Amino acid sequence: LDAVRRGAGLTGLVNKSKKQKQLKNDGGNHSGDATNNNDNNGNGPASYGTLLPVCTGMSMALVLSGLRDRANQLGKLANQHDATTTNNDDNNNNNDDSSPTPTTPERNIVLWSRIDQKSCYKAIISAGLTCIVLPTTTHPTTDEVSTDLDALQAALDKYSHRILAVITTTSCFCPRVPDEVDRVARLIQGWNSQHCHNGNSDEDNNNNTNTTTHKRAGIAHVINHAYGLQCTQTNKLLNRACTIGRVDAIICSTDKNFLVPVGGALILSPNDQVIACISKNYPGRASASPVVDLFITLLSMGLSGYKGILEERRRLVDVFRVKFDALAKKFGERLLDCPRNTISFGITLDNLVIGTDDETKKNVQITKFGSMLFTRCISGTRVVPTKETKTISGHTFQGFGSSYDDYPHSYMTAACAVGMGEEEMMEFFERLERCWREYVGKREKEEVRKRLTQMEIKES
């Protein structure tokens with residue numbers, strides 16, 4: 001927690017008097033604020049946390065299971081309170097030992113803002129929940145793919161009290177950009193304030209200290225911040241989301257943020273009760289290796305070392321963008337304009353395949369280019385053809401890879417991530433250009449061979 005607070009810039013506990021002063025400056029209208037029916041209490045995203053010895057996907061499943069248990073417990077208490085209140089108001093109603101009838105349906109639906117990475121979707125299914133995939137939207141003036149807030153609002157109204165949580169993502173492959181988690185948090189908070197208020201208002205409680213408000217869990221907000229700790233821009237977005245709306249849990253991968261082996265995840269929350277529920281839900285015992293690995297790494301780097309690699313990545317971002325753009329222009333392509341994603345960058349591959357208009361044949365050749373990159377040790381790239389389909393656990397994703405049904409470009413992505421040095425970056429671009437020229441050379445030879453074959457057929 002100290003590393004992500006002083007290093008990555010996530011805020012922790014907020015001083016109570018400071019929070020009250022902030023609310024006073026906001027004008028006193030807090031119907032959609034975090035203090036009304038929210039568990040954040042104005043705390044920052046790094047107020048509480050735990051380290052799970054499993055990867056990001058499995059951690060997501062554990063977080064959802066913990067939130068489900070917490071929602072059931074709070075719902076049971078609220079139902080008991082409702083039944084007691086009803087019995088007290090009705091003198092003809094005889095008390096018995098039977099459990100009160102639940103007044104809300106089971107929360108078994110998760111709304112997931114689409115991001116074409118398999119692990120998160122599988123995690124929802126593994127937790128025994130139903131996943132509703134929310135469509136994304138394209139930006140009118142850039143190449144970005146982002147949150148569809150209208151679709152989220154419609155889904156909240158449609159599935160209502162059956163919704164356990166909304167999952168958003170802040171670390172993703174270009175052209176997908178981080179979800180607008182601050183606006184989503186405010187939207188969820190407003191919905192909870194309108195639909196999940198139970199008992200007396202805060203004003204009534206101030207007038208009658210003997211009255212107890214039994215609050216239901218409401219719809220939770222889980223943020224997949226897998227490798228986002230290295231990005232100042234998205235960390236500021238998280239701080240804002242916890243200030244103005246509902247955030248329950250934030251999941252961060254240890255290997256992608258702290259340069260340790262794969263197998264651990266950091267769970268952050270403004271609410272200590274959420275962390276307690278998630279920790280209690282872990283089944284059995286586990287290896288201490290992920291904890292020890294992170295402990296050793298943080299001790300060896302120190303705070304200055306950790307800040308140093310974060311600053312080095314920020315310095316290299318502009319260099320990476322310029323180099324990637326220059327390389328694309330050499331081959332008649334361009335850099336995808338996605339200013340809100342400062343980790344993953346993409347370039348079009350619209351001119352990579354020539355001589356055919358058949359989409360299937362084009363996609364085969366584009367995929368072949370991706371395999372060439374892999375076999376030549378150009379790691380970290382991701383080649384995405386257009387109109388690809390992928391079925392995961394019974395759900396078919398159109399345009400898989402781009403997080404959008406009909407993205408207009410084939411493209412490849414590469415990331416300027418923490419831990420990469422300038423020398424390694426230059427080596428990456430040299431290898432990429434060499435491989436690209438090799439592909440173009442093979443493509444031209446194939447075109448010549450095809451034309452010669454056609455000429456021989458005509459002559460014969």
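Which residue in S9 stands opposite cysteine 252?

A: Leucine 266 in S9 stands opposite cysteine 252. Before we go on, please keep in mind that this is a predicted model, in which local features need pLDDT of at least 70, side-chain atom pairs count only at pLDDT 80 or more, and totals for chains, interfaces and linings use all residues. Residues are numbered from 1 along each chain as its sequence is written, and side-chain values use heavy atoms, with hydrogens and water left out.

Now to the strands themselves. Two strands pair if DSSP finds at least two bridges between them. Strand S8 (residues 249–253) meets this with four bridges to S9, in the antiparallel sense. On S9's other pairing, five bridges join S1 to S9, and these two also run antiparallel. Here threonine 50 has isoleucine 267 of S9 as its bridge partner.

S9 covers residues 265–269, and five of its five residues are buried, so the strand is largely enclosed by the rest of the structure. Buried means under 20% relative accessible area, exposed means over 50%, and partly exposed lies in between, using a 1.4 Å probe and protein chains only. In a regular strand the side chains alternate between the two faces of the sheet. In S9, both faces are covered: Ala265, Ile267 and Ser269 are buried on one side, and Leu266 and Leu268 on the other.

Stepping back, S9 belongs to an open sheet of seven strands with the order S1-S9-S8-S7-S6-S2-S3 and mixed pairing. Its edge strands are S1 (48–52) and S3 (130–134), each of which pairs on one side only. On average, neighbouring strands of this sheet are turned by 20° against each other, direction ignored. For angles like this, axes are lines fitted to C-alpha atoms (for helices, over the stretch in contact), and angles run from 0 to 180 degrees between N-to-C directions.

Further along the sheet, S6 and S7 (residues 220–224) run parallel and are joined by five bridges. Threonine 168 stands opposite isoleucine 223 in S7. Helix H6 lies across S6 and S7, running at about 165° to S7; contact here means heavy atoms within 4.5 Å.

Around S6 there are two backbone details to look at. Most residues other than glycine have a negative phi, and most peptide bonds are trans. Serine 160, in the loop between helix H5 (149–159) and S6, has a positive phi of about 45° although it is not a glycine. Proline 175 is in the loop between S6 (163–169) and H6 (181–195).

The model has another sheet too: an open one of three strands, ordered S10-S14-S11 with antiparallel pairing. S10 and S11 are its edge strands, each pairing on one side only, and the twist averages 25° from one strand to the next. S11 and S14 are joined by three bridges, and arginine 382 stands opposite threonine 413 in S14. H11 packs on this sheet, touching S10 and S14, with its direction at about 10° to that of S10. H12 also packs on it, touching S11 and S14, at about 175° to the direction of S11.

In the loop between H12 (359–375) and S11 (382–384) sits cysteine 377. Cysteine 377 has a positive phi of about 60° although it is not a glycine, and at 56% relative accessibility it counts as exposed.

Finally, a word on confidence. pLDDT is the predictor's confidence in each residue, from 0 to 100. The protein's mean pLDDT is 86, and 84% of its residues reach 70 or more. Over residues 95–102, though, the pLDDT is below 50, and this stretch has five contacts in the model beyond near neighbours in sequence. Residues 198–213 also have pLDDT below 50, with twelve such contacts.
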